[in-house]
Amino acid sequence: MNFQDLMKVETADKYIDLAFFSAKKESDKERTKVLLNKNLDKVQKSQIIENHKLKVIGRSLSASLKKIVHVFPAYKNLTPFYKELMANYMDIPSYKKSLGALNWASGSIERMSYFYNEKIRRCREFNAINAYRQQYYGRISSFLKQVKNDLIYLENCRRIMKDFPSVKSMPTVCIAGFPNVGKSTLLLKLSTAKPEIKEYAFTTKQLNIGYIADPETPMKKVQLIDTPGTLNRLEEMNDIERVSYLALKYCADMIIYVFDLTEASAPLEDQEELFNALKKQFKGKDLAVYLSKTDLLDKEGRKKLDSFKKKKTGKIRAEDDAEKIKKIILEKMSGLKTMKTSQVSPEEVPDSAPEDGTQVNPTQSLGKYKKYVRV
Ligand SMILES: Nc1nc2c(ncn2[C@@H]2O[C@H](COP(=O)(O)OP(=O)(O)OP(=O)(O)O)[C@@H](O)[C@H]2O)c(=O)[nH]1
Ligand SMILES: [Mg+2]
């Protein structure tokens with residue numbers, strides 16, 4: 001499931017226009033056929049034409065709403081990473097409630113279409129046919145009006161979700177470290193990903209994802225995530241740091257921490273402080289250290305590298321060769337299953353009619369994140 005592929009949710013008016021447009025197009029064809037039929041009287045002709053229109057409208061509207069319900073991911077089936085990501089950016093009860101409301105409207109339209117179809121079919125008068133038709137249009141328009149805000153809310157959610165990273169449920173390694181230390185460069189060396197690499201800090205503004213295949217068993221793949229941001233101020237993380245943090249927390253089976261001993265990116269002390277904080281925070285996870293930019297070290301620097309390797313190693317392995325890091329990753333990850341849990345499937349939604357006064361407010365429920373919604 002790709003959040004990027006979720007289709008745009010239109011407004012209630014747009015769905016009504018689309019339904020009436022296809023009804024007109026289809027009933028024009030039907031009308032010509034019926035009018036030429038000499039075996040039918042005028043009332044019968046009108047019945048067939050009106051009922052045809054009614055069916056097309058009902059089918060189009062209920063299918064449009066049902067499609068949204070089926071395509072939008074079910075919160076309860078999401079992995080903890082996506083669950084928390086969603087909870088950070090939108091109001092989950094409103095999300096569920098909106099999908100429930102669309103499910104209800106879709107079913108109600110189907111039932112209403114059947115009900116008026118029968119009424120028109122049994123009717124023997126022109127005026128009554130017209131009256132039923134008007135009543136039907138009124139009822140289905142009212143259903144759409146009741147879910148108007150739910151449609152807007154879900155479209156707002158979609159605009160946020162389409163920027164969610166596509167993280168798969170598989171053995172995963174996160175690359176962490178200070179900005180500009182060489183995280184994306186390591187990702188490039190290890191996988192086929194083509195991340196943007198620049199000489200300045202904060203180049204990476206989203207999760208970069210790549211994959212490593214085990215040469216022994218190429219079907220077994222490992223997901224590599226380059227996590228941007230400094231992550232050393234857990235209280236005041238910005239958006240991308242929050243996403244990185246969630247990736248480390250929920251997706252990472254292993255963390256590769258990148259140290260830049262040239263200190264061009266940050267003083268070693270600060271890098272060590274962050275390393276120790278992450279080590280403590282993510283205690284249960286495998287950890288290894290990659291020493292970047294060692295080609296730039298002078299004689300003094302190389303001495304520092306040797307002593308750093310000895311000091312740091314202990315149980316945690318520290319390497320300055322990307323190929324050795326790759327080996328460590330494959331060794332550690334080989335025991336893990338390829339797929340953990342199913343990632344996303346369509347929402348199983350209750351059939352809930354929006355009650356008066358409890359309708360979803362299409363932007364307020366987005367809380368402090370509504371600034372990201374381009375309405
Ligand atoms: N000589 C040398 N340069 C390196 C090495 N690794 C990274 N660099 C350079 O360091 C700079 C930063 O590298 P990135 O890979 O973009 O660093 P990053 O940690 O992803 O940076 P942000 O995305 O900004 O956090 C770039 O100019 C790289 O070319 C290395 O091993 N040797
Ligand atoms: Mg980067």
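Predicted model: local features only at pLDDT ≥ 70, side-chain atom pairs only at ≥ 80, totals over all residues.
Figure 1. The face of α11 turned away from its buried side carries Glu 323, Lys 327 and Glu 331, which are exposed. Ile 325, Lys 326, Ile 329 and Met 333 are the buried residues of α11. These cover an arc of only 105 degrees around the axis, which puts them on the same side of α11. An α-helix has 3.6 residues a turn, so residues three or four places apart point the same way. The helix runs over residues 322–333, 12 residues in total. From first C-alpha to last, α11 reaches 16 Å, close to the 16 Å expected at 1.5 Å a residue.

**Figure 2. Helix α5 and its cover.** Helix α5 spans residues 126–146 and has 21 residues. Its first and last C-alpha atoms lie 31 Å apart, close to the 30 Å expected at 1.5 Å a residue. Ile 129, Tyr 132, Tyr 136, Ile 140, Phe 143 and Leu 144 of α5 are buried. Down the axis of α5 the buried residues fall within an arc of 110 degrees, so they line one face of the helix. Their cover includes α1 (12–35), α2 (42–71), α4 (92–122) and α6 (148–161). The face of α5 turned away from the buried side carries exposed Asn 127, Gln 134, Gly 138 and Ser 142.

**Figure 3. The shell around ligand 1.** There are 19 residues around ligand 1. Gly 182, Lys 183, Ser 184, Thr 185 and Thr 204 come nearest. Helix α7 (residues 183–190) gives the most to this shell, with 3 residues. By type, the shell residues divide into 7 nonpolar, 7 polar and 5 charged.

**Figure 4. Tyr 211 and Lys 221 on strands β2 and β3.** Tyr 211 sits in strand β2 (residues 208–213), and Lys 221 lies in strand β3 (residues 221–226). Tyr 211 touches Lys 221, along with Ser 191, Thr 192, Val 222, Gln 223 and Leu 224, leaving aside residues up to four places away in sequence. With that same exclusion, Lys 221 touches Met 170, Tyr 211, Ile 212 and Ala 213. Tyr 211 has 14 other C-beta atoms within 10 Å and is partly exposed. Lys 221 has 17 and is also partly exposed. The C-alpha atoms of Tyr 211 and Leu 187 are separated by 9.0 Å, although the two are 24 residues apart along the chain. For Lys 221 and Ser 334, 113 residues apart along the chain, the C-alpha separation is 9.1 Å.

**Figure 5. Positive phi at Glu 263 and Lys 293.** Most residues other than glycine have a negative phi. Glu 263 has a positive phi, near 60 degrees. Lys 293, not a glycine either, has a positive phi of about 55 degrees. Glu 263 is in the loop between β4 (254–260) and α9 (268–281). Lys 293 is in the loop between β5 (286–292) and α10 (299–313). Glu 263 counts as partly exposed, with 17 C-beta neighbours inside 10 Å. Lys 293 has 19 such neighbours and also counts as partly exposed.

**Figure 6. The whole chain, for context.** The chain has 11 helices and 6 strands. Of its 375 residues, 38% are buried. Among contacts with a separation of 6 or more, residues 24 or more positions apart account for 76%.

Notes:
Residues numbered from 1 in each chain as written. Chains lettered and ligands numbered in written order. Helix = DSSP H or I, 4+ residues; strand = E, 2+ residues; numbered from the N terminus. Expected span 1.5 Å × (residues − 1). Buried ≥ 20, exposed ≤ 12 C-beta atoms within 10 Å, placed from the backbone. Arc of directions from axis to C-beta. Contact = placed C-beta atoms within 7 Å. Near = placed C-beta within 6 Å. Nonpolar A, V, L, I, M, F, W, Y, C, P; charged D, E, K, R; others polar.
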